[in-house]
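Open your viewer and get ready to click along. We will go from stop to stop, and at each one you will find what to select and what to look for.

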Amino acid sequence: MTDTPAPEIVESVDISALFGPDGAARDACVAALWDGLRRTGAVVVTGYPDADKVDARARVGLKVFDLPEDTRRAITTRHMAPENRFYYRGLWPRSPERLLQNDFYDVGPERPAPGPDLPGMEILSEPTPWPDPEPEPGWRATVRAHYAHLNRVAQAMILSIGRSAGFDEATIRARFEGDHSTLRFLSYPEGAAAADPAAGGAVVSAGRHTDASGLSLLWQAAPGLQAEGPDGVFRDIPVRENAISVHVGDVMTRLTDGAVPATPHRVLSRPGPRHSVGFFLEPALTAPVTPASHGQATGVRETYGWQLLQTFAARAQWKGVIADPDDTA
Ligand SMILES: O=C(O)CCC(=O)C(=O)O
Ligand SMILES: [Fe+2]
């Protein structure tokens, strides 16, 4: 008789020293984060400042899905609720063709900075629609605090990872400082199953993908999330108190000219509904996303804003809303 091997899990790193003074402890932490990412694709991080607030704030934010139907409709994007004005931030109901079978609510920066002057760019810098009334008193302030907190943690980590990959801090910092990112609350119904040809026999609620961010911080109320390591092995992301997992996104791969590969991840289907939260660290819409080592001057075609317009123009639900900037600029 053979025992089933215990499922492998990703590495965990206490990143408290990343927020401390320069020195051996900080260097060791930078190295541990890098080694962990290289071995298991994603790592679970603990010990960041105010970590004790993360579980509670995530649970408060997720109450957006408990709102009554009419309040939810008022924050639903125009793709699904044509009476609304906003397209980008807000609530996106699940649609069957997506690789991630969830409803999600996107929160953008408090004061979105304008992008390069291109048709459609105003959509990418639109304000976040907030539910009125909010799910409970103080809800919006808690969601804003969560955004600011995860932004700070993600920025510290992207500098650390950039440094390990051989890039100087100022170069990476210049692209990500400020707030340009997305905080996303996710809700999957019981039995959500995505069509993922790469899943083999596994039933997944979110198919294998990489994120279009610089770095993603993910939080889950219950297990299911897995990251694929450079060895092709999917490992479970364990659920720990106030822990988040870090996944490299496509923008970081581009910025480092492939030195830091994006982390493929997926969600295995589990009994019951699923709730999770993602913070996607993004560069400014005006920031160049060409390799950070690239010394030449860059133009509008190299900006993150241009790249996002191109990505959206290729998706069916943005047809007639966002055009490929190659055709309009
Ligand atoms: O539900 C999860 O934990 C994963 C979500 C995810 O990968 C995403 O939103 O990009
Ligand atoms: Fe993802």
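Here is a short tour of a metal site, a strand, a helix pair and a loop residue.

Before we start, this is a predicted model, in which local features need pLDDT of at least 70, side-chain atom pairs count only at pLDDT 80 or more, and totals for chains, interfaces and linings use all residues. Residues are numbered from 1 along each chain as its sequence is written, chains are lettered from A and ligands numbered from 1 in the order in which they are written, and side-chain values use heavy atoms, with hydrogens and water left out.

**Stop 1: the iron ion**

Select ligand 2, the iron ion, together with His209, Asp211 and His265. Which atoms are the protein donors of the iron ion? They are NE2 of His209, OD of Asp211 and NE2 of His265, 2.1 to 2.2 Å from the ion. Donors are N, O and S atoms within 2.8 Å of the metal (3.2 Å for Na, K and Ca); water is not among the atoms, so sites may look incomplete. Along the chain, the donors follow the spacing H-x1-D-x53-H. Asp211, in the loop between strands S6 (204–209) and S7 (215–220), and His265, in strand S11 (residues 265–268), are 54 residues apart and link distant parts of the chain. Helices (H or I, at least four residues) and strands (E, at least two) are DSSP runs, numbered from the N terminus.

Now colour by accessibility. Asp211 is buried at a relative accessible area of 9%, and His265 is buried at 3%. Buried means under 20% relative accessible area, exposed over 50%, and partly exposed in between (1.4 Å probe, protein chains only).

**Stop 2: strand S5**

Next, select residues 182–188. Six of the seven residues of S5 are buried, so the strand is largely enclosed by the rest of the structure. S5 pairs with strand S4 (residues 103–107) in the antiparallel sense over five bridges; two strands pair if DSSP finds at least two bridges between them. Look for Asp106 opposite Arg184. Strand S12 (residues 274–281) also runs antiparallel to S5, joined to it by seven bridges, and here Phe185 stands opposite Val277.

**Stop 3: helices H5 and H6**

Select residues 139–164 and 169–176. Gln155, Ile158, Leu159, Gly162 and Arg163 in H5 meet Glu169, Ile172, Arg173 and Phe176 in H6, where contact means heavy atoms within 4.5 Å.

**Stop 4: Thr77**

Finally, select Thr77, in the loop between helix H3 (69–74) and strand S3 (90–92). Is Thr77 buried or exposed? Thr77 is buried, with a relative accessible area of 0%. Among the residues it touches are Phe86, Tyr88 and Trp92.

Terms used
Lists of a residue's contacts leave out its neighbours within four places in sequence.
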